[in-house]
Amino acid sequence: MEKTIYVINPNRLTDVTQGLKESLAPFQLKGGPVIECMTLHDGPAGIQNEQDVAAAAVLVGRTIDDLARSRGDCAAAFVIACFSDPGLHLAREKTVRPVLGINECGLLTALALGRRVGVIAILPTLMGRHARGYAAAGIAARIAGEYPLDLAVAQLRDAEATRRRMQAVGRRLVREDGADVLVLGCAGMSQYRAWLEDALGVPVVDPTLAAVAVAMGRVAGQAPGF
């Protein structure tokens, strides 16, 4: 039976999930695990404040618990596709399978690619939460800076406005703060990664891709022949 990596979008915006499917298409390797992107239709319309994080955390934990029970060994790994990592530790209590948050994986990947990491957030409302996470992980000294686009998750579908803001914020992080690698602070930014990297000339990490890459490595270690 096919091993599956579940990539869970904790908000109810299906266009975000579609963007993840398109970005992750190169990871659908022959003989490798299936990558299934799913939307939590009961989730918030974007994880944009602590209340949204708390609401999404319960749904994520319940969803992963249900999948782990119903799909058995076919459920090889889970990726929480939100930069706030809602429900990460709750879900890890529900299953022995790998549960990966894109915040953790994106930042660890960035630290391997550069000395100073810049983070592009969507809104300022969760930047305090991010800062506490950097401190708890012991990496605060490696964070060059973090600035918001001041765009809600749903507004990221406006490509012109999003690219304009991303380029301005990214340029500020690189030129003023000395960032030599950038991390996209929202799963909904996935479609803009390659464009921004070309525009700024520094590595840009899509944290969802980073988390799926880690998941694939874990699954490969579990399943001889992949």
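**Ground rules**

I am working with a predicted model, where local features need pLDDT of at least 70, side-chain atom pairs count only at pLDDT 80 or more, and totals for chains, interfaces and linings use all residues. Residues are numbered from 1 along each chain as its sequence is written, and side-chain values use heavy atoms, with hydrogens and water left out.

**Entry 1: the 2-1-3-4 sheet**

I started with an open sheet of 4 strands in the order 2-1-3-4, with parallel pairing. Strands here are DSSP runs (E, at least two residues) and helices are too (H or I, at least four), numbered from the N terminus; two strands pair if DSSP finds at least two bridges between them. Strand 2 and strand 4 stand at the edges, each with a single partner strand, so one side of each has no neighbour in the sheet. I noted an average twist of 20 degrees from one strand to the next. Strand 1 and strand 3 run parallel and are joined by 5 bridges. I looked up I8 and found I80 as its bridge partner in strand 3.

Next I checked what packs on this sheet. Helix 2 does, touching strand 1, strand 2, strand 3 and strand 4, and its direction makes about 170 degrees with that of strand 3. For such angles, axes are lines fitted to C-alpha atoms, for helices over the stretch in contact, and the angles run from 0 to 180 degrees between N-to-C directions. Touching means contact, that is, heavy atoms within 4.5 Å. Helix 4 also packs on the sheet, touching strand 3 and strand 4, at about 65 degrees to the direction of strand 4.

**Entry 2: helix 2 and its ends**

I listed its buried residues (under 20% relative accessible area, with exposed over 50% and partly exposed in between; 1.4 Å probe, protein chains only). Among them are V53, A56, V60, I64 and L67. The buried residues of helix 2 pack against strand 1, strand 2, strand 3, helix 3 (88-92), strand 4 and helix 5 (127-137).

What caps the N-terminal end of helix 2? I found N49 there, with a side-chain oxygen 3.1 Å from the backbone nitrogen of Q51. After the helix comes G72, whose phi is positive, near 55 degrees.

Q48 sits in the loop between strand 2 (34-39) and helix 2 (50-71). Is Q48 buried or exposed? I read a relative accessible area of 17%, so Q48 is buried. Q48 touches I122, L123, T125, L126, A152 and V153, leaving out residues up to four places away in sequence.

**Entry 3: the 6-5-7-8 sheet**

I moved on to an open sheet of 4 strands in the order 6-5-7-8, again with parallel pairing. Strand 6 (143-148) and strand 8 (204-205) stand at the edges, each with a single partner strand, so one side of each is left without a neighbour in the sheet. Strand 5 (117-121) and strand 6 run parallel, joined by 5 bridges. Helix 6 packs on the sheet, touching strand 5, strand 6 and strand 7 (181-184), and its direction makes about 155 degrees with that of strand 6. I also saw that strand 6 is mostly covered, with 6 of its 6 residues buried.

**Entry 4: the cores**

I looked up the nonpolar cores, meaning sets of buried Ala, Val, Leu, Ile, Met, Phe, Trp, Tyr and Cys residues joined through side-chain atoms within 4.5 Å. The largest has 34 residues, and I5, V7, L24, V79, L107, V117 and V212 have the most contacts inside it. Helix 8 gives the most to this core, with 7 residues. Apart from it lies another core, of 24 residues, including L13, V16, L149 and A179.

D150 is in the loop between strand 6 and helix 6 and is partly exposed, at 47% relative accessible area. I found D150 and L123 27 residues apart in sequence and 4.8 Å apart in space, C-alpha to C-alpha.

R163 lies in helix 6 (residues 159-175) and is partly exposed, at 36%. R163 touches Y192 and W195, not counting residues up to four places away in sequence.

Methods
Polar contact = N/O pair within 3.5 Å; in protein donor to acceptor, adjacent residues only side chain to side chain.
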